[in-house]
Amino acid sequence: MEAATIRAAEGFVSGLARNFEDLRDPRVVGRCDHLLLDILTIAILAVFCGADDWPEIEEFGERRESWLRKFLRLPNGIPSHDTFRRVFESLNRKEFAKCLFQWTQALQKASKDKVIAIDGKALRASGNRKRGISNLHLVTGWATETGLTLGQIACEDKSYEITAIPELLELLDIEGATVTLDAMGCQRAIAEQIRSQQGNYVLGLKGNQSGLLEEMQKLFEHGINTDFKGMHKTEYSLSETGHGRKECRMCVALTIPQDYPRQSRWKDLKTVVAITTERIVGEQESWETRFYISNLPAKAKKLAEAIRRHGSIENSQHWILDVAFQEDRRRQANRNGAANLAAVRRLTVSILRQEKTNKRGIKHKRLTCAWDPDYLILCLKNAK
């Protein structure tokens with residue numbers, strides 16, 4: 001069994017080398033005690049096994065050194081935690097993320113995922129309020145059906161997400177997929193880029209596009225007042241009960257008339273969607289209506305499912321990162337180091353979600369990886 005595990009580990013390292021062959025080593029040639037591939041491999045394996053910072057990554061390497069030597073060269077032993085830190089802080093974060101997520105993009109192509117949610121998350125321990133340094137924001141592409149992170153772009157502030165989204169889209173293969181974005185990404189240039197890459201878009205509306213939300217609301221009001229006469233409309237509703245809460249969602253999709261204001265300004269714009277959510281918690285009742293635009297036909301069920309899946313990134317990625325990895329408590333002053341280690345965490349979530357023999361959560365899977373090298377390699381077999 002050990003021989004098979006070692007062969008699988010060698011295959012993993014070979015795959016890692018292929019993915020990172022274009023990654024520039026920032027260190028001075030001839031003055032390095034450790035191989036870049038060894039450093040990256042140990043760090044990735046350590047995070048899978050529960051390590052969350054540089055000292056813990058070093059500790060993993062020292063505890064597993066005899067095992068690691070069976071498939072890594074390690075010419076000068078295990079690097080120190082300062083070496084791990086300096087290397088990850090020196091790596092270009094865009095290049096690193098691009099190489100790292102080649103794995104998950106290959107898995108996503110094989111699974112033919114249909115909805116890709118793009119959303120941002122702040123690294124809350126990466127800023128320094130006293131020094132006027134804001135939290136680093138990570139914009140990720142999330143395959144909602146498979147739970148795979150497909151790409152990541154780090155930006156210095158939430159307002160920069162608008163410029164990070166086009167960069168992220170360039171890294172993704174979105175042909176035939178539906179890309180969902182909240183109101184931050186509701187930009188005409190972004191809609192046009194998605195269509196130019198042969199993808200479809202569903203964009204949330206708020207007041208960031210002057211007058212667009214009001215016009216879509218007026219279109220619905222006109223439809224209600226005329227009983228939607230001469231307008232193509234579809235409806236879909238879904239009710240859920242659990243945890244002392246009842247929730248009912250009503251989705252109405254309406255085809256936008258070609259002569260309606262702004263319709264021609266948005267690339268291939270066809271449909272406006274209104275989702276009204278009724279929540280009942282105890283004796284408290286609340287209502288909320290949100291609007292979206294899309295180039296897709298006015299098929300309420302399909303659009304409602306895409307919008308609902310967009311919300312899964314909060315529970316299926318962000319919540320796991322905060323609870324299982326304690327991401328918001330991990331202080332990282334260096335921006336590159338914080339972004340690169342965050343990318344490894346997202347890869348870990350993606351790959352561990354693909355392993356189905358262990359029915360427990362991500363935290364338990366990380367513990368099992370630490371306890372059982374065979375299970376660790378089993379989780380990584382899809383990452384070759």
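## Exercises on a predicted model

Helix α1 (residues 2-19) packs against helix α2 (residues 36-48) at an angle of about 120 degrees, and their axes lie 11 Å apart. The model is predicted, so local features need pLDDT of at least 70 and side-chain atom pairs count only at pLDDT 80 or more, while totals for chains, interfaces and linings use all residues. Residues are numbered from 1 along each chain as its sequence is written, and side-chain values use heavy atoms, with hydrogens and water left out.

**Exercise 1. Describe how α1 and α2 cross, and which residues meet there.**

Step 1. Helices (H or I, at least four residues) and strands (E, at least two) are DSSP runs, numbered from the N terminus. Axes are lines fitted to C-alpha atoms, for helices over the stretch in contact, and angles run from 0 to 180 degrees between N-to-C directions.

Step 2. The crossing of α1 with α2 is right-handed; a crossing is called left-handed if the near helix is turned anticlockwise from the far one by less than a right angle, and right-handed if clockwise.

Step 3. With contact taken as heavy atoms within 4.5 Å, Phe12, Val13, Leu16 and Ala17 of α1 meet Leu37, Leu40, Thr41, Ile44 and Leu45 of α2. Sorted by class, this contact has 8 nonpolar, 1 polar and no charged residues, where Ala, Val, Leu, Ile, Met, Phe, Trp, Tyr, Cys and Pro count as nonpolar, Asp, Glu, Lys and Arg as charged, and the others, Gly among them, as polar.

**Exercise 2. Work out how α3 and α5 are oriented to each other, and which residues they bring into contact.**

Step 1. Helix α3 (residues 54-63) and helix α5 (residues 81-90) pack at an angle of about 120 degrees, with 8 Å between their axes.

Step 2. Angles under 35 degrees count as roughly parallel, over 145 as roughly antiparallel, 65 to 115 as roughly perpendicular and the rest as oblique; α3 and α5 are therefore oblique to each other. The crossing of α3 with α5 is right-handed.

Step 3. From α3, Trp54, Pro55, Ile57 and Glu58 meet His81, Phe84, Arg85 and Phe88 from α5. This contact of α3 with α5 has 5 nonpolar, 1 polar and 2 charged residues.

**Exercise 3. Find the order of the strands in the open sheet, and say which strands stand at the edges.**

Step 1. The open sheet is formed by 9 strands in the order β3-β2-β1-β4-β5-β9-β8-β7-β6, with mixed pairing; two strands pair if DSSP finds at least two bridges between them.

Step 2. The edges are held by β3 (148-155) and β6 (233-242), each with a single partner strand, so one side of each has no neighbour in the sheet. From one strand to the next, the twist averages 20 degrees.

Step 3. Strand β1 (residues 115-123) pairs with strand β2 (residues 136-143) in the antiparallel sense over 8 bridges, and isoleucine 116 stands opposite alanine 143 in β2.

Step 4. Strand β5 (residues 200-204) is antiparallel to strand β9 (residues 284-294), with 3 bridges between them, and leucine 203 faces isoleucine 293 in β9. Strand β8 (residues 271-281) also runs antiparallel to β9, joined by 11 bridges, one of which pairs threonine 271 with serine 294 in β9. The hairpin of β8 and β9 has 2 residues between the strands, and glycine 282 there takes a positive phi near 65 degrees.
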